[in-house]
Amino acid sequence: MSIVGTRVVRQEDRNLITAGGTYVDDLRPEALSGAAHAVFVRSPIAHARIGGIDVSAAKEAPGVLGVFTAADLGLAPHPAGPLPEPWLADGLVRYVGEPVALVVTEERYQLADAAELVDVDYEPLQAVVTVDAALAGETLLFPEHGSNVVQVHGAAEFDDAIFDGCEVVVTQTVLNQRVAPAPLEVRGAACAWGEDGRLTAWLSTQNAQMARGQLAASLGVGEESVRVIAPDVGGGFGAKIGADPEATVLGWAAKQLGRAVRWVESRSENLTAMTHGRAQQNTVTIGGKRDGTVLAYRLDVIQDAGAYPRLLMLPTLTELMAVGVYRFPRVETRSRAVVTTTTPIGAYRGAGRPEATAAVERAMDRFAAEIGLDPAEVRRVNFIRPEQFPYQSPTGASYDTGEYAAALDKVLDTAGYAELRAEQQRRREAGDPVELGLGIAAYVEITGGDGAGESGRVDIHPDGSVVAWTGSSPHGQGLGTSLAMLLADRLGVPLDKITVRHGDTDEVPNAVGTFGSRSLQLGGSAIRQAADEVIAQARELAAELLEAAPDDLELDAGRGVWQVRGAPASTVLSWAEVAGRAAGGKLSADVWFGDGKPTFPFGAHLAVVEVDTETGKVELRRIVAVDDAGPIVNPLTFRGQRHGGLGQGAAQALLEVVTYDEDGNPTTATLADYSFVTAAELPDFELVDMVTPTDRNLLGVKGIGEAATIGSTPAVHNAVIDALSARGVKHLDMPTTPIRVWAALEEAGKGSAQ
Amino acid sequence: MKVSIEVNGRTVTDEVPDRTLLVHFLRETAGLTATNIGCDTTSCGACTVLLDGESVKSCTVLAAQADGHAVTTVEGLSGADGDLHPVQRAFREQHGLQCGFCTPGMIMASVSLLADNPRPTRDDVRAGLEGNLCRCTGYHNIVSAVIDASGQEVDR
């Protein structure tokens, strides 16, 4: 029996549970012995002109090796053009948390004392905190750009004629609030220049090779002069893609001082200076017939990009996935991205797709409520049907495979949907102040959508051991175990003889890394392709050794031996014997899986909540989920990815939001203030399996890293509103905190009293 | 000041600044880097260790306060022969960890929880671990791991 598809505990774990991982701050290599420590002085004010920076007192503080500002760096801002982001603030600050100066000291405990002595003269400017203020344009972040709008995409003008013939048209603005990725390990880096003039940068990153390119370009050296090592990484969720500006400044300072320098931010810094996610204000308009058929859908996206536009593909990705799982005949989308005096927005688990799903799933519920049909029924009427695949969406996506109605039916059957609706009705008739709410979300998302491929290398040594290098960059997903399982299956080598390595640009020079749930479908396919090349090499060698034609040889993947088809069992060759005869002393294949077509995982979630209408308190009681990402390599880690996604997605609906006051001061800058979800606020998750393969990669797999996040947020959000629907509440923005629920009930009560 | 702490059965003595936090003493002086720092407000629990058998967040304890006391970190849990502690074994078996950063603190908090409540319900575990944050697992498998470590059957 193949090991693929069986439950395998992770190879990664033993060290993590006995000695702890080796994260950036744990590194003790020779090159970092005696390393100096660094801290960034950050802007405490949202928008200001810098009148001057006096570093003289800081330079005199105990242990200080250097204090650096933009004037010292002399590095060209990035990117070129009208919207540059300086490495250290240059004349202006545009968000609280923006790096203004770097202080380097001998000892870590000297950092805070010295940083406090850096005297920055800020001349405050008007903060621009909301997208409405940004669009109004009374204060511009980049006056030379002439507008706070930094990207416009999609329909030039909306055409109301798309709603012609609709019996019902509903419009709703849906806020997809700003949240903090908040990996448990904050950002950190260590930089050391060798005597050979090469920089080694240890970086908490999802993409060492991308970071190498960024560091080389920003520091003005060739890529061959930079080695980036991603050690164990304590979570990323999209917010550790590549290298952040701090890494460049650290690399520069290490060179300037002729000394290795290390940096780990504090959590307060992390919550203001690591990119945030989501931050879209979306207006949906949906129209259709009273039988539930949707005829037209419009999505108008306003992306808050934060102070510096770091990832403007987010709103366009939201447009691409606008219609979700539905065959809407007439669709129009538009997006605008604006800058505000807040932390820059970047990728966060789902990155553009959760926003699309949240918008369309709220729209479907609003439409269903308006025509008085069950939200499940309205979805069934409009699902793209299995026979329509591959499906060209009106926004330009090419969906591979899907069974959308089957996914929803499985979830509703498992949950006991009819009984739950009956229970909801019973409570209402009894006047129970604790309402039951049911929330449905059906979703499709895009994984590996970047179009690039991934690298994979497999070596088999004369001792029979297998070493593989992946261009993917796992940081908690358990991909190493999954790749080892693929190799064990293909080669017939036991897991304990297989080692998977990654994350060092000297070992893996060419790679893309981990984001967009791309790793198994691309990194896994690359490893499969490399394994097959090694098998092809071995077939030739084994044929020579056994004096047979290559075509007559077969690999018995159950035992991991080569044999002549139909010949006695005595004439077999082990991998060790074949590898021992290979030119160069080992079998080796180094490949690029370049056929990187995106895939479209899908699923359906049902959330069950109780809402106490007297206190506004929401309790998430159940969440039942189908997340179909094709064939499953390791059910243990596959389920783990879904659990994590469900937790983060539910957290956005229930609890989490990054907030600023009217002057742009962050009010959620510590974990005491930010409502990071805990174990006590989540239920056990009920997972239902479903497997619909894709034909777009060698393994038939789709990505699972983000899928459950995408479904769970609107499911929980819809459930809360469903609970309040009989009391006149039609919509309420996330997070559905007690005060918001209470306010929504108050508002609805006023309406019904009139 | 001079601080002497018994860490995982070994006495570690050093002259450290008065304001040295226990977590920094463990990481820098004792050289035990499993205990991590995830926040600056005693919110995340990544730095949880046992101080005389009781779980504490070592970012909010001065090394000086632990002077003369015994501290256990995750490095001190497994047996001399490398045998895993039941909580360690259960975290692995139930996939109660992903990136591993919260894990040493989560395991130590779980050891403490089980010492107080040897047969907890899943809700007991959720309430007992409220002070330990994890961003990867959605907590489901962490709860299962603690149930497993308590000798009860994991049914989901």
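Predicted model: local features only at pLDDT ≥ 70, side-chain atom pairs only at ≥ 80, totals over all residues.

Q: At what angle do α17(A) and α18(A) pack, and how far apart are their axes?
A: The angle is about 35°, and the axes are 7 Å apart. For orientation, α17 covers residues 635-654 of chain A and α18 covers residues 707-724.

Q: Which residues make the contact?
A: On the α17(A) side they include A:G645, A:L646, A:G649 and A:A653. From α18(A) you get, among them, A:A708, A:G711, A:S712 and A:V716.

Q: And how do the contact residues of α17(A) with α18(A) divide into nonpolar, polar and charged?
A: Eight are nonpolar, nine polar and one charged.

Q: OK, switching to chain B. Which residues of strand β1 are on the covered face, and which on the uncovered one?
A: B:V3, B:I5 and B:V7 make up the covered face. B:K2, B:S4 and B:E6 are on the uncovered face.

Q: How many bridges join β1(B) to β2(B)?
A: Six, and the two strands run antiparallel. Their hairpin has two residues between the strands, and B:N8 takes a positive phi near 50° there.

Q: What about β1(B) and β5(B), parallel or antiparallel?
A: Parallel, with two bridges joining them.

Q: Back to B:V7, then. What does B:V7 stand opposite in β2(B)?
A: B:R10. In β5(B), B:V7 stands opposite B:V71.

Conventions
Residues numbered from 1 in each chain as written. Chains lettered and ligands numbered in written order. Buried ≥ 20, exposed ≤ 12 C-beta atoms within 10 Å, placed from the backbone. Helix = DSSP H or I, 4+ residues; strand = E, 2+ residues; numbered from the N terminus. Pairing = 2+ DSSP bridges. Axes fitted to C-alpha atoms, helices over the stretch in contact; angles between N-to-C directions. Contact = placed C-beta atoms within 7 Å. Nonpolar A, V, L, I, M, F, W, Y, C, P; charged D, E, K, R; others polar.
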